[in-house]
Amino acid sequence: MDMVLAAVREMVPWMQQRSIALDRNAEFPAAEIGRLRRAGALSPALPVSGSGDPDDLAALLILAGQGNLSVGRILEAHVNALHAIARYGRPADDDGRLCALWVTDPPSGGLSMRRQGNRIFLDGGKQFCSGAGYTDGALVTARDENGDTRMLVLRLGMGETATPLPSPLQGMRAAVTGAVDFSGCETSAAALLGDPGDYLREPDFSAGAWRGSAVALGGLIALLEHGVAQLRQTGRFDNPHTQARCGLAIIARETCRLWVHAVARIAEDAAAPVGARVAMAGLGRIAVETACLDAIRLLQRSLGLPAFRQGSPVELICRDLSTYLRQPAPDEVLVEAAKWVADHPEART
Ligand SMILES: Cc1cc2nc3c(=O)[nH]c(=O)nc-3n(C[C@H](O)[C@H](O)[C@H](O)COP(=O)(O)OP(=O)(O)OC[C@H]3O[C@@H](n4cnc5c(N)ncnc54)[C@H](O)[C@@H]3O)c2cc1C
């Protein structure tokens, strides 16, 4: 993993430099994914397989987010898919191929499946699909005839259609988040992963949120780098109010760093109590969300209107990060975590 991390660290300035144009054109970062693949970053050692170190995996995701949050998001989804595949035991034959994770159903017409012998027939689709139209495969969830949620690992190019969202997201444009319709597609029963209900099984369902937090931290690291550089260039850094705001933003960044590594270790620790793994991932997610939003406000206040000029790294990262931080059910995550910790004062958290 050391060589992978060194190669990805070297890519960071290149990714940052390309990020503005990719955002402007809402262009999928194919060159970045190609370099990540060649560096071995699409086949990282995973803690769930017993071969990976959580701190190393965190470092990889942080670096990707530091380079470009959209690239980080695509890598995060890929790692989440690999984690589920390793966890639920399907032999991995997709080494190095980019896999999406599409689990969000539209309000109506969500993905369903019907099994006939060895064949599976699909109907409906998914929304908020990152990398729509650009990944080699996808792990999807589909409702079966019994109303159970099943996981399927699909090779794409099976007749599915990817379309842009009716109204595009403001940020994370290079993640090319669209809708994918699988109506009329069919696959073999070998695509099934795990048993009914496995997708929602804890701790894996919730604890994996730490990987998104790691990518967000990467974005925050880049935001501070670019924000301070811009303040220096414009002669605004020597102001004590600005320095105080930067100090608070640095505290926010280091708070995220402590949370991400602590949560990575416990969330990936198979020996830790399920409740602790879920609660810590939830608390870490909210802590990182709060710290990133605080830092965005502090940097925007210090820079003023230039922070909102399109074409500047700060503007892009603020827009990408604010969008990326919108993850499901934050209120529920916080109160459930609070209840668990309050009920288990003795637990290691
Ligand atoms: C950049 C990006 C890429 C994404 N890519 C993918 C992808 O590849 N695949 C995929 O499957 N998904 C993807 N998603 C979607 C993601 O999985 C979630 O669906 C999405 O982020 C949910 O965000 P939300 O703010 O709408 O959450 P919500 O859960 O709707 O939360 C919004 C607010 O509503 C509150 N709330 C939640 N539930 C209720 C309720 N029942 N009653 C009242 N209030 C409620 C919350 O606490 C919160 O305050 C992506 C999202 C982003 C931002």
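Mentor: A residue counts as near a molecule or strand if one of its heavy atoms lies within 4 Å of it. The model above is predicted, so local features need pLDDT of at least 70 and side-chain atom pairs pLDDT 80 or more, whereas totals for chains, interfaces and linings use all residues. Residues are numbered from 1 along each chain as its sequence is written, and side-chain values use heavy atoms, with hydrogens and water left out.

Trainee: How many residues surround the ligand, and which are the closest?

Mentor: The ligand is surrounded by 17 residues, and Thr-104, Phe-128, Arg-326, Ala-329 and Asp-331 are the closest of them.

Trainee: How are two packed helices described?

Mentor: The description gives the angle between their axes and the distance between the axes. Helices here are DSSP runs (H or I, at least four residues; strands are E, at least two), numbered from the N terminus, and axes are lines fitted to C-alpha atoms, for helices over the stretch in contact, with angles from 0 to 180 degrees between N-to-C directions. Helix α6 (residues 209-233) and helix α9 (residues 313-324) have axes that come within 9 Å and cross at roughly 155°.

Trainee: Which residues of α6 and α9 meet?

Mentor: With contact taken as heavy atoms within 4.5 Å, the α6 side includes Gly-212, Val-215, Leu-223 and His-226, and the α9 side includes Val-314, Ile-317 and Leu-321. By class, this contact holds 11 nonpolar, 5 polar and no charged residues; Ala, Val, Leu, Ile, Met, Phe, Trp, Tyr, Cys and Pro count as nonpolar, Asp, Glu, Lys and Arg as charged, and the others, Gly among them, as polar.

Trainee: At what angle do α8 and α9 cross?

Mentor: Helix α8 (residues 274-303) crosses α9 at roughly 155°, with the axes coming within 11 Å, and that makes the pair roughly antiparallel. Cys-292, Ile-296, Gln-300 and Leu-303 of α8 make the contact with Val-314, Cys-318, Leu-321 and Ser-322 of α9, giving 6 nonpolar, 2 polar and no charged residues.

Trainee: At what angle do α8 and α10 pack?

Mentor: Helix α10 (residues 330-343) packs on α8 at about 130°, with the axes 9 Å apart, and the two helices are therefore oblique. The crossing is again described as left-handed. Among the meeting residues are Ala-279, Arg-285 and Glu-289 in α8, and Val-333 and Trp-340 in α10; the classes are 10 nonpolar, 2 polar and 2 charged.

Trainee: Where does Pro-203 lie, and is its bond from Glu-202 cis or trans?

Mentor: Pro-203 is in the loop between β10 (192-193) and α5 (204-207), and the peptide bond is cis, with omega near 10°.

Conventions:
Angles under 35 degrees count as roughly parallel, over 145 as roughly antiparallel, 65 to 115 as roughly perpendicular and the rest as oblique. A crossing is left-handed if the near helix is turned anticlockwise from the far one by less than a right angle, and right-handed if clockwise.
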